[in-house]
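The sequence and structure are shown first, and the description follows.

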Amino acid sequence: MTYPDHDPRPAHRPADRPTEYVPPTEAAYPTHEEVVERTDGRVRTVRVVCAVIDLLCWLFAIVLAIHIFLVIGGANPANGFARLIDSWSAAVSLGLRDLFTPADPGVRTLFNDGLAALLWLVIGAVLTNVISRIALPSGERRTWYRRTVR
């Protein structure tokens, strides 16, 4: 059944469509965006300490990897750079220089310094995780910021 004199459109709307595009108003799509950043001094300090620990552990692992590369590649041991890397790698090898003793010096360096490099990476990950769990509040452990859109 139809009602010819009943128009379902409100009286204030025109019967024809507008010829140009009219963007919807802000009220048509209610959104609320909130960005919360924590600037607590303790949180920042813990994050800086964890970043420094991470950086040092990666630096030690990279020095050991360079030493492995130089020994396997047959670098001149009298070269200044090779001596510098050898002395640094000896200092950060965690006492693992003579753990494995195969006859080939390249394999010996790969096993001993490679194990030390892996241990440095594990030590860095464990230290930063433990420090974050102990020193940061539970809401600040994994997120640097929180963004919610409603």
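In this chain, 66% of the contacts with a separation of 6 or more are made by residues 24 or more positions apart. The model is a predicted one. Its secondary structure consists of three helices and two strands, and from the N terminus the elements follow the order β-α-α-α-β. Of the 150 residues in the chain, 21% are buried.

**Helix packing**

Two packed helices are described by the angle between their axes and the distance between the axes. Sorted by residue class, the contact of α1 with α3 comprises 21 nonpolar, seven polar and three charged residues.

Helix α1 spans residues 41–73 and helix α2 spans residues 80–91; their axes come within 9 Å and cross at roughly 130°. This angle makes α1 oblique to α2. The crossing of these two helices is left-handed. On the α1 side the contact is formed by V63, L64, I66, H67 and L70, and on the α2 side by F81, A82, I85, D86, W88 and S89. The residues of this contact comprise eight nonpolar, two polar and one charged.

In soluble globular proteins, nonpolar side chains tend to be buried together. In this model the largest nonpolar core contains nine residues, namely I53, C57, A61, L64, V92, L96, A116, A117 and W120. Helices α1 and α3 each contribute at least two residues to this core. The greatest contribution comes from α1, which supplies four residues.

A117 is located in helix α3. A117 counts as buried because its relative accessibility is 11%, and buried means under 20%. Apart from residues up to four places away in sequence, A117 contacts A61 and L64, both of which are listed in the core. The other member is L96. Beyond its neighbours up to four places away in sequence, L96 touches N112, L115, A116 and L119.

D113 is part of helix α3, which covers residues 105–135. Is D113 buried or exposed? D113 is buried, because its relative accessible area is 0%. When neighbours within four places in sequence are left aside, the contacts of D113 are L64, H67, I68, S89, S93 and R97. Among these, L64 and H67 belong to the α1 side of the contact with α2, and S89 belongs to the α2 side.

I66 is found in helix α1 and takes part in the contact with α2. With a relative accessibility of 30%, I66 counts as partly exposed. Excluding residues up to four places away in sequence, I66 touches F81 and I85, which are both on the α2 side of that contact.

F69 also lies in helix α1. The relative accessible area of F69 is 64%, and F69 is therefore classed as exposed, the cut-off for that class being over 50%.

L94 is situated in the loop between α2 and α3. Its phi angle is near 60°, a positive value in a residue other than glycine. L94 is partly exposed, with a relative accessible area of 38%.

**C-alpha separations**

| Residue pair | Separation along the chain | C-alpha distance |
|---|---|---|
| A117 and I62 | 55 residues | 7.5 Å |
| F69 and G106 | 37 residues | 8.8 Å |
| I66 and D113 | 47 residues | 9.9 Å |

Note on methods. Residues are numbered from 1 along each chain as its sequence is written. This is a predicted model: local features need pLDDT of at least 70, side-chain atom pairs count only at pLDDT 80 or more; totals for chains, interfaces and linings use all residues. Side-chain values use heavy atoms; hydrogens and water are left out. Buried means under 20% relative accessible area, exposed over 50%, partly exposed in between (1.4 Å probe, protein chains only). Contact means heavy atoms within 4.5 Å. Axes are lines fitted to C-alpha atoms, for helices over the stretch in contact, and angles run from 0 to 180 degrees between N-to-C directions. Angles under 35 degrees count as roughly parallel, over 145 as roughly antiparallel, 65 to 115 as roughly perpendicular and the rest as oblique. A crossing is left-handed if the near helix is turned anticlockwise from the far one by less than a right angle, and right-handed if clockwise. Ala, Val, Leu, Ile, Met, Phe, Trp, Tyr, Cys and Pro count as nonpolar, Asp, Glu, Lys and Arg as charged, and the others, Gly among them, as polar. A nonpolar core is a set of buried Ala, Val, Leu, Ile, Met, Phe, Trp, Tyr and Cys residues joined through side-chain atoms within 4.5 Å.
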